[in-house]
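User: I am new to this structure and would like a guided look at it. Could we take it piece by piece?

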Amino acid sequence: MIAPLSWLKEYVEIDCTPQELQDKLFSCGFEVEELHEVGEDISGVVVGLVETCEAIPDTHLHVCTVNCGAHGTFQICCGADNVEAGRKFPAALVGATVYATSRDHTTVEGTMTIKKGKLRGYESQGMLCSGVELGVSEDMYPGAGYNGLLVLPDDAEVGADVKPILGLDDWLFDIAITANRPDCQSIFGIAREVAAVLEKPLKMPALDYTETDVKLDNFNITVDAPQLCPRYIGHYVYDVKTGPSPAWMRRRLALVGMNAISNMVDITNYILTELGQPMHAFDYAYLRGNGINVRTAKDGEKIVTLDEQELTLNSSNLVICDGERPIALAGVMGGLNSEILPTTESVMFESAKFARDNIRRTSRSVGKRTDASARYEKGVDEYATVMAMKRALHLVEELGCGKVSSTHFDVNTGNSVEPREMTVEIDKISGVLGITVPDEDIVRIMNNLDMKPSISEKDGKRMLTLRVPAYRDDMEGYQDVAEEVIRMYGYDKLVPTFLKSAEVTTGGWNPVQRREMRVKEALCGLGAYECMHYSFFSPSDLDLLRYPADAPERNAIRIMNPISEELSLMRTTLTASMIHAVVRNQKNGRLDGRLFEIAKVFVPKALPLTEYPDERDHLVVAFWGKGEDFFTVKGAAETVADTLHVKFAYKAATRSFTHPYQTADVICEGQTVGYIGTLAYDIAEAESMRTNLYLMELDLAALYPLCGNTPAFEPLPKFLDVSRDLALVMDKNITCAQVEDQIRAACKYVREIRLFDVYEGVPIPPTMKSMAFTLTFRAGEEEFTSEDLDRYVAKILKKLDAVLGITLRA
Amino acid sequence: MSRFDEIREKFLEEAKGRTDSRSIYELRKKYLDRKAGEVNALMKEMRNIPKDEKADFGKNVNLLKDWVLENLSKMEEKAREAELQHRYESEKIDVTIPADKDPRGNLHPITQMKNQMVDIFAGMGFEIYEGTEIENDYYNFTALNTPMDHPARDMQDTFYLSPEYLLRTQTSAGQIHVMEAKKPPIKILSPGKVFRSDDDATHSPMFSQMEGLVVDKGITLCDLQGMLDEFVQQVYGEGTRTRLRPSFFPFTEPSVEVDCSCFACGGKGCKLCKGTGWIEILGAGVVNNKVLENCGIDPNEYSGFAFGIGIERAAMLKYGINNIKLLFESDLRVLEQINDA
């Protein structure tokens, strides 16, 4: 919300600097996001009287003697066609800053500093300026729009700074208004706060006008949708003389960034800004059927709005109709069919309150956000609705652009715009704040806010009674009063305390959260870095992983209003985001690395969602580059298993996106909890990856219930463990796990089996391989003799031969 | 010269130049070997010595033996020292050669920041409650005093999954679940991912918040400030102060924005705090009575405060990360830098 200082001063005396006002507004809840002087880029420009002006032969230039009062008299060359001796123009002295313009003299291209120069051999000590060069438009100052010099009034004092004359010394406050204070979405609303915080009286805008006897016969206004339109005020104005608005009004509209159009339209825009009430003016001549009716649109009903767009409406849109057809989309934009034109002779003014959520939804659905709809969405109070109509009629008279009839309609669903009474216990205010604000300060603050406070006693309690103005519908209870008191009294007066009345509680992570953190720490210990990716991904990611049509991963929750298709599905796997992360790192030249992420995947119970979906913690791990292979990732899996006190088994498996012979299911207590695999080479190639990627994704949520307890201590063995190495020859297709299973089945004393070599080639036959293991035996109650060990080994070899055809390597 | 002195002289002669343990061992063998050693050979002569000289001879042999032993042990000691010295010298290394270390990864900067915050609040008795990322409209808005037509719904552009379910826009949604399940005293901290339909240079559609909630008897705005003072001092350093200023959230009344004194300049004004001396760090307020009532808690008996911290912002401020997008790109060049454990 932009508020010019000069406009605020119309309603309240401001005797502090703009910066001081900024600080005061900030402390009472109105952050000034930007504060700047209108002419902040302009300096060193003074009133210059052209004393002599002679044409330079064969050019369009003139050489002038310019009297700049106390600054001196300078020779200045000027190319403008309206330079003339005896008149006063803005003269930029050497060292002044003004806007630079392109060759067309109208497009601003940054600022420039005036230097001494020479034009066609004539020295020039300064520059006479146009409106554009000073950042002043025709609306800001009449005559400034001329493509030539800006002419200053004859009574301007020679040598004086031009900024006050042109209004360039004004300040603009861009103020953030919180959603609970829609009453401050206007200059007058902010002026009320300024008056309260500066403790100055507030001046009301003039609302008086005189109705003539003229009255419309047979015209009526009806509201068929009172829920969506709680108040609708109409007033008929005739003898309209459409024309430009006066300079003061055009200037104010320009300061807040609005274009002046014509007096009738400008009045509505002026009131929108001044009072925060959107208004509309219909050309009465184009209203058919002797009436206005506010109703919801019929499905498929059409309207052409002022911007000449045809909209198709539905029954959730509110429309203003004449006796036959829609003439405005309520609260959003007027219809082209009743637009104010230069030929307009009479108008029907509208000042209404519409339900904010309905305007918001309509504005979104038709894709039109206007100054009016923005105000309505935040909420317009009926106090402003009533005041705005009076103000409009006053301005019609003041501008002399029409006559106020006595045809006035006020359709009201029964809401009062009178102040309402509210009583709160003073101790409750202290109870919220934690400090006691003296009664006299509470009374002073509430008076400044025009809430007419009084303090009384009731049942031994001190009560504060307020008359809350109609525009403060945010005031509901003692908490709201406490906020008003403290924001004006000063938050710096709070005395910090540390929960002096609270009970002691225990805190910290719960067991699942602790486990998750330990898994993260363990993976960091492996040199992996934690990542965080968006919870949503792209439908194309499912294609990247080549999931078949019936894969559960394809059953993803869709965002109804995604930012883009790439971010439109809730993740059902973390693998895709991780592949993208690795690709990005490889593009940055990181050809090896380790990453992991723990995050939720989202499994819907039904689509579209009718209940909370299952949000499951997953872990994805990615190792790539030098030194990495399937088994380094498998090592990470083992680390996770150890951290969670579970045991994993691995079984050759396939996934749609992995190497067909380098993929395993990770199994925990018979349940598949994830996969480990090498990314399929064709996917890697399509993603321009330069090194192999090894992946793992685990369903941590499935693992948590399987987590073992902290292992119990096992007493130390009585005797030292002994080990034997065995080199075995077997068929190539026999797996390590098969061998291990048979060894364990054959001898209960085998404590550990460690594979230390795999060999294929001469002298082993081509269909065979050799695997060498170290077996560690642990004795029970009696120490092993070497004969015992020989016996165990023989038993193991016999079993391996019998079951798998494995022999000892010669 | 006695025979014994001759042997001594001969021993000393032969000992010359023997500095390594092997040649010293040979010398030892030559003199002290049980069978062939010269000193032991003297012992064998014992039987040929006249009776009255026996005692004297024996004593001299023993003295000689002790003398040889002592000399040998000195030589051996020297040799050991020399050999150890030599071994050390031969194993001299260049200590500036790069370490052979196991690489260690880092937790994500957000996790690091989150853990620090959790540690602080856990110490104050806050339980950690992580809600779900998918919420329904009631918990995210309505129960938090943001009914359908409330303008505050516009403050947050919401991702909807169905007319009823959405991606939570604030961790405050967790407040309601906790207050429904648990009666005061309540002290919970609720960190998690939140989502808003905003994607530009300074906004990410997903970011992280940490919500705190205290509900007990007699909780005031002064308690809020006192606790936040403690928090900012632990995160940003001893002398950090807080400043409260009015704001608006539908679920708190009064609502405040909380600034902390700039930890880069100490409040004098610098680039980080844009010259103001203050940095906005969180939003907070006294829990709105309507929210308590929605959860079946009697506002006449209990009161509370709530606060919400943007974790990305806190981390970016603390570590000087200049672009929020960097936090979600998994760029190792970024992740490797932040190690604040």
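Analyst: We may begin with one pair of residues: E628(A) is buried, and R594(A) is buried as well. Please keep in mind that this is a predicted model.

User: What do E628(A) and R594(A) form, and how far apart are the closest N and O atoms?

Analyst: They form a salt bridge, and the closest N and O atoms are 2.7 Å apart.

User: Which residue does R616(A) meet in a salt bridge?

Analyst: Its partner is D699(A), with a distance of 3.1 Å from N to O. Here too distant parts of the chain are linked: R616(A) is in strand β30 of chain A and D699(A) is in strand β34 (residues 693-699), 83 residues apart.

User: Is D699(A) buried or exposed?

Analyst: D699(A) has a relative accessible area of 15%. The cut-off for buried is under 20%, so D699(A) counts as buried.

User: Which residues of chain A are linked in a network of salt bridges?

Analyst: The network consists of R181(A), D183(A), R192(A), E193(A), R472(A), D474(A), E484(A) and R487(A). Over all chains, the count comes to 68 salt bridges.

User: Let us step back. What does the secondary structure of chain A come to?

Analyst: Chain A has 20 helices and 38 strands. Of its 810 residues, 53% count as buried.

User: And what is its radius of gyration?

Analyst: The radius of gyration of chain A is 41 Å, whereas a compact globule of 810 residues would have one near 28 Å. Along the principal axes, the C-alpha atoms of chain A fill a box of roughly 125 × 90 × 60 Å. Among contacts in chain A with a separation of 6 or more, 69% are between residues 24 or more positions apart.

User: How many salt bridges does the rule find across the interface?

Analyst: The rule finds 4 salt bridges between chain B and chain A. R245(B) and E31(A) meet in a salt bridge through their side chains, at 3.8 Å from N to O. The two chains also have 41 residue pairs in polar contact.

User: I noticed Q479(A). Where does it lie?

Analyst: Q479(A) lies in helix α12 (residues 478-489) of chain A. Its relative accessibility is 5%, so Q479(A) counts as buried.

User: What does Q479(A) touch?

Analyst: Leaving out residues up to four places away in sequence, Q479(A) touches V432(A) in its own chain, and E253(B), P254(B), V286(B), V287(B), N288(B) and N289(B) in chain B. A polar atom of the Q479(A) side chain lies 2.9 Å from the backbone nitrogen of N289(B).

User: Staying with chain B, where is the place of V258(B)?

Analyst: V258(B) is in strand β7 (residues 252-261) of chain B. At 0% relative accessibility, V258(B) counts as buried. Beyond its neighbours within four places in sequence, V258(B) is in contact with several residues, including L228(B), T242(B), L244(B), I279(B), I281(B) and A284(B). The C-alpha atoms of V258(B) and F307(B) are separated by 9.3 Å, although the two residues are 49 residues apart along the chain.

User: One last pair: which residue does K318(B) meet in a salt bridge?

Analyst: K318(B) meets D340(B), at 3.3 Å from N to O. K318(B) is in helix α10 (residues 311-319) of chain B and D340(B) is in the segment after α11 (332-335), 22 residues apart. K318(B) counts as partly exposed at 30% relative accessibility, and D340(B) counts as partly exposed at 27%.

Conventions:
Residues are numbered from 1 along each chain as its sequence is written. Chains are lettered from A and ligands numbered from 1 in the order in which they are written. This is a predicted model: local features need pLDDT of at least 70, side-chain atom pairs count only at pLDDT 80 or more; totals for chains, interfaces and linings use all residues. Side-chain values use heavy atoms; hydrogens and water are left out. A polar contact is a pair of N or O atoms within 3.5 Å; within protein, one must be able to donate a hydrogen and the other to accept it, and residues adjacent in sequence count only if both atoms are side-chain atoms. Helices (H or I, at least four residues) and strands (E, at least two) are DSSP runs, numbered from the N terminus. The radius of gyration is taken over C-alpha atoms; the globule rule is 2.2 Å times the number of residues to the power 0.38. Buried means under 20% relative accessible area, exposed over 50%, partly exposed in between (1.4 Å probe, protein chains only). Contact means heavy atoms within 4.5 Å.
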